[in-house]
Amino acid sequence: MSTTVAEERGGGDGREEYTEDGTVDLKGRPILRSKTGRWRACSFIVGYEVFERMAYYGIASNLVLYLKRELHEGTVKSANNVTNWVGTVWMAPILGAYIADAHLGRYWTFVIASGIYLLGMGLLTLAVSLPALKPPSCGHGVKDEDCDKRASTFQVAIFYLALYIIAAGTGGTKPNISTMGADQFDDFQPKERIQKLSFFNWWMFSIFFGTLFSNTFLVYIQDTVGWSLGYGLPTLGLAISVSVFLVGTPFYRHKVPSGSPFTRMFMVLVAAVKKRKVDVPNDPKELHELNLDEYAKSKTFRIDHTPSLRLLDKAAVKSGPTSPWMLCPVTQVEETKQMIKMVPILVSTFLPSTMLVQVSTLFIKQGDTLDRTMGPNFVIPPACLTAFVTIFMLISIVIYDRWFVPLVRKYTGNPRGITMLQRIGIGIVLQIIVMVTACLAEMRRLRVARENGIFGKTQIVPLTIFILLPQFALMGIADTFVEVAKIEFFYDQAPQGMKSLGTSYFTTSLGVGSFLSSFLLSAVSHITKKHGQGWIENNLNVSHLDYFYAFYAILSFVNFLFFLVVAKFYVYNVDVDMTESKRELQKAMETSPSEDRSQVNEVLLKGLG
């Protein structure tokens, strides 16, 4: 029993009592390992994510149908408005990551952004509830095409204002909540380091558990009861999620803001450009670097020189002026390298991210044209099919984490079973299969429509909506590989002081993917209309979504080839042995001048070395 306690708390001299990765409490004081972090703290963070994703997808899942039915927007316009909003939701985290890393820290950035998020959700609920703000109704039983009442410019403006306030709020929450969750595990403690390997699997599990509720119960409420209750419940869910997060405050570990990552990176780029004619010495030890005790004082870690992106090494060559904009230490140069070398991988994930958008736009619109009845009285809301994405992802995450990883680990020796990039690659292949499956299902839908003489915009094709089930299910399995690996990769490969920025690479992938989807949809629609029958019309019964899906499958295959190239040349960061890092800092303490030694010793006692 005493041995277990000793392992958990550390050595008997008290030195290991504190966390060793630089985490502190909200007041900046060293924090005890035994009373904070790990899964106990993460339970509140994961609990938040369950309710928050229920709130977000309670809006996003059925938004395209609200725009179609209530605001009377066409196929392309409604789909593009959804993807543009989703793109903003996922791009805004770049600013949120900057504020957290440079100024406020993750906790306070998250709390303030949550207030903005909640404000937007409240306004959106009012916009679909109050008679002065919601679109006028034509009455029960009146078809959309027969309704001549339209929302006023003011009503439309309020609705979209609320949506983009939500986007601003998520900009501060999304890059910080998952990063903060990963921060609860100390890389210097072997047991916690192992637990951290599974964190992102279960993080995504929590996301899709909340999403499952939205894609079933909330979507049904919106379709059958009304939008007021359908949007009011997600707002309530968000309020609950923020409360759950705040309750866990005493247990959280916090990383100290380390200054603007953009400034540090820009300094390296400027210095490298200004010294572009300077030769880089063959011996990396001749490059400028700070002493270990300097890093100990600033509560950061030194990164050893690597041979990649050697042009940036010019920023650390000792020649000319020594200002921070002309001479950068090796660690700062390596941080910049780590962020830049992930960019090709980031670019290769843009097209796969567009696949997620199809699930909440075109896939749902397909379902709206099919027979949705189950029995004499029950009609399935088309957005409910997205629940199968969630269900299959939940199942596949458990199988992957509990059986696949342990089995494959025996043969590969990799703690993760397979590498993160291998996991992304498998997911991209599955996404190609998804688009081929969607193409075949659409070909069948159009064939049945022609055979039955169905060409009207609102006519229902006598074919069950469940022919779309395979493409939704396969997308869930693909997400287990692509989306989980993406967020883990960008967090893991980012330097310690830029973890929020690294996580924002993940959200940027989704944001750019959404905007790219809008561009492709508009371009294909415009070009095909010029040459006869358009592929994507407001009337899907005379459109050719099957051609569009086939085009997507070809694009995805070309992108997969590009991914293989960039993945082949990507070099993972060296997995530094944490025990060795502590020995190096201990050595720095022993060799430091007496006036600095006490400061380094303090750092060691706090577990930073």
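Predicted model: local features only at pLDDT ≥ 70, side-chain atom pairs only at ≥ 80, totals over all residues.
1. Start with helix 2 (residues 38-60) and helix 7 (residues 190-224). Their axes come within 7 Å and cross at roughly 30°. Angles under 35 degrees count as roughly parallel, so helix 2 and helix 7 are roughly parallel to each other. The crossing of helix 2 past helix 7 is right-handed. Residues of this contact divide into 15 nonpolar, seven polar and four charged.

2. Next, the aromatic rings. The count comes to 33 aromatic pairs. One of them joins Tyr107 and Trp108. Their centres are 5.0 Å apart, with 90° between the planes, and the pair is edge-to-face. Is Tyr107 buried or exposed? Tyr107 counts as buried, at 7% relative accessibility. Trp108 is partly exposed, with a relative accessible area of 43%.

3. Tyr107 also pairs with Tyr252. The ring centres are 6.5 Å apart and the planes lie at 50°, so this pair is tilted. Tyr107 belongs to helix 5 (residues 93-127), while Tyr252 sits in the loop between helix 8 (227-247) and helix 9 (261-274). The pair therefore ties together parts that are 145 residues apart in sequence. Tyr252 is buried, with a relative accessible area of 1%.

4. Look at the wider group too. Ring pairs link Tyr107, Trp108 and Tyr252 into a cluster with Tyr48, Phe110 and Phe245.

5. Finally, charges over rings. The charged end of Arg423 sits over the ring of Tyr400, 3.8 Å from its centre. Lys341 lies over the face of Tyr570, at 5.2 Å from the ring centre.

Definitions and conventions
Residues numbered from 1 in each chain as written. Heavy atoms only, no water. Axes fitted to C-alpha atoms, helices over the stretch in contact; angles between N-to-C directions. Helix = DSSP H or I, 4+ residues; strand = E, 2+ residues; numbered from the N terminus. Parallel < 35°, antiparallel > 145°, perpendicular 65-115°, else oblique. Left-handed = near helix turned anticlockwise from the far one by under 90°. Nonpolar A, V, L, I, M, F, W, Y, C, P; charged D, E, K, R; others polar. Phe/Tyr/Trp six-rings, centres within 6.5 Å; stacked < 30°, edge-to-face > 60°. Buried < 20%, exposed > 50% of the residue type's maximum accessible area, 1.4 Å probe, protein only. Lys NZ or Arg CZ within 6 Å of the ring centre and 35° of its normal.
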